[in-house]
Amino acid sequence: MNTILKLFLLFIAATILHWALMAFMGGVGVSLNVMLVFAVAVCAYLKPEYGYALSFVCGLFLDFFSVKLFGCSALTLTLCAAAVYSLEKRLDFDGILPQMLCVFCLSLLAFLLNCLLLKVFAGFSAWRGFGSFAIGVILNAFLAPFVFRVVRFAFVRGNKSY
C-alpha cells in the first residue's frame, strides 16, 4: 500500500511537471515527454507489476489530453516499459550515462512508434520538424538523471527495491 501511495504522489508530481514544461516549452515548439522519463525511472527501480501498470496509466494520461489516436501513447509507453525490463540486467540504472542513454533511445523509439501507429491507423503522421524533435529528445535525456534520483530516493532503501 505504501508503494502505491508513493507512486500516486509521484505521478501527480510528474503530471504537474509535464504540464509546466509543456506550457513553457510548447510555445517554442519543443515537446518534452516527462511521462516517458517518469515511467522509465519507475521501471528501472520497481517490479514489473508496478512498472507496466504505471507506464500504461501514464500513456492513458497522455492520450486523454492529446488530440491524436487514443491508445497510441498507452501502447508506446507500455512497450517502452517492456524494453526497460529487458535491459535491466544489462544496464546499471544508478549511473547517469545509462539513464540518459536509455531515455534518449526510448524517446526516439517512442517517436517512431507513435508516427508508425498514426500512419497505420489514422492514415497520416504529424511532423513538427527535426529541430523541435531533436531538442525534445535531448532535453528528455538531460531531465532523466533528476527524475531517476527522485524515484530512487522514494523507493530504494540501501540495496532493497520495492
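Start with the rings: searching the whole structure turns up nine aromatic pairs. A pair here means rings of Phe, Tyr and Trp (for Trp, its six-membered ring) with centres within 6.5 Å; planes under 30 degrees apart count as stacked, over 60 as edge-to-face and the rest as tilted. Before you click further, note that this is a predicted model, in which local features need pLDDT of at least 70 and side-chain atom pairs count only at pLDDT 80 or more, while totals for chains, interfaces and linings use all residues. Residues are numbered from 1 along each chain as its sequence is written, and side-chain values use heavy atoms, with hydrogens and water left out.

**Stop 1: two ring pairs**

Select W19 and F61. Their rings form a tilted pair, 5.9 Å centre to centre with 55° between the planes. W19 belongs to helix α1 (residues 2-26) and F61 to helix α3, and the two are 42 residues apart, so the pair links distant parts of the chain. Helices (H or I, at least four residues) and strands (E, at least two) are DSSP runs, numbered from the N terminus.

Is F61 buried or exposed? F61 is buried, with a relative accessible area of 11%, while W19 is partly exposed at 45%. The cut-offs: buried means under 20% relative accessible area, exposed over 50%, and partly exposed in between (1.4 Å probe, protein chains only).

For another pair, jump to F93 and F148. Their ring centres are 6.2 Å apart and the planes lie at 20°, so this pair is stacked. It also joins distant parts of the chain: F93 sits in the loop between α4 and α5 (96-122), F148 in helix α6 (residues 130-155), 55 residues apart. F93 is buried at 4% relative accessible area, and F148 is buried too, at 0%.

**Stop 2: α1 beside α3**

Show α1 and α3 together. Their axes come within 12 Å and cross at roughly 30°, which makes α1 roughly parallel to α3. Axes are lines fitted to C-alpha atoms, for helices over the stretch in contact, and angles run from 0 to 180 degrees between N-to-C directions. Angles under 35 degrees count as roughly parallel, over 145 as roughly antiparallel, 65 to 115 as roughly perpendicular and the rest as oblique.

α1 passes α3 in a right-handed crossing. As for handedness, a crossing is left-handed if the near helix is turned anticlockwise from the far one by less than a right angle, and right-handed if clockwise.

To see the contact (heavy atoms within 4.5 Å), select T3, I4, L7, F11, T15, H18 and W19 of α1 with Y50, L54, V57, C58, F61 and L62 of α3. By class, that contact has ten nonpolar, three polar and no charged residues. Ala, Val, Leu, Ile, Met, Phe, Trp, Tyr, Cys and Pro count as nonpolar, Asp, Glu, Lys and Arg as charged, and the others, Gly among them, as polar.

**Stop 3: α3 and α4**

The crossing is right-handed. Residues making the contact include G51, S55 and G59 of α3 and A74, A81 and A82 of α4. The contact divides into twelve nonpolar, five polar and one charged residues.

**Stop 4: α1 and α6**

How do α1 and α6 pack, and at what angle? The angle is about 160°, with the axes 11 Å apart, so α1 and α6 are roughly antiparallel to each other. Their crossing is right-handed. Select T3, K6, L7, L10, L21 and M25 in α1; they meet L139, L143, V150, V151, A154 and F155 in α6. The classes are ten nonpolar, one polar and one charged.

**Stop 5: two single residues**

Click S107, which lies in helix α5. S107 is buried, at 6% relative accessibility. Leaving aside neighbours within four places in sequence, S107 is in contact with L36, V137 and N140.

Finish at R149 in helix α6. R149 counts as exposed, at 62% relative accessibility. Draw a C-alpha to C-alpha line from R149 to D94: the two are 55 residues apart in sequence and 8.6 Å apart in space.
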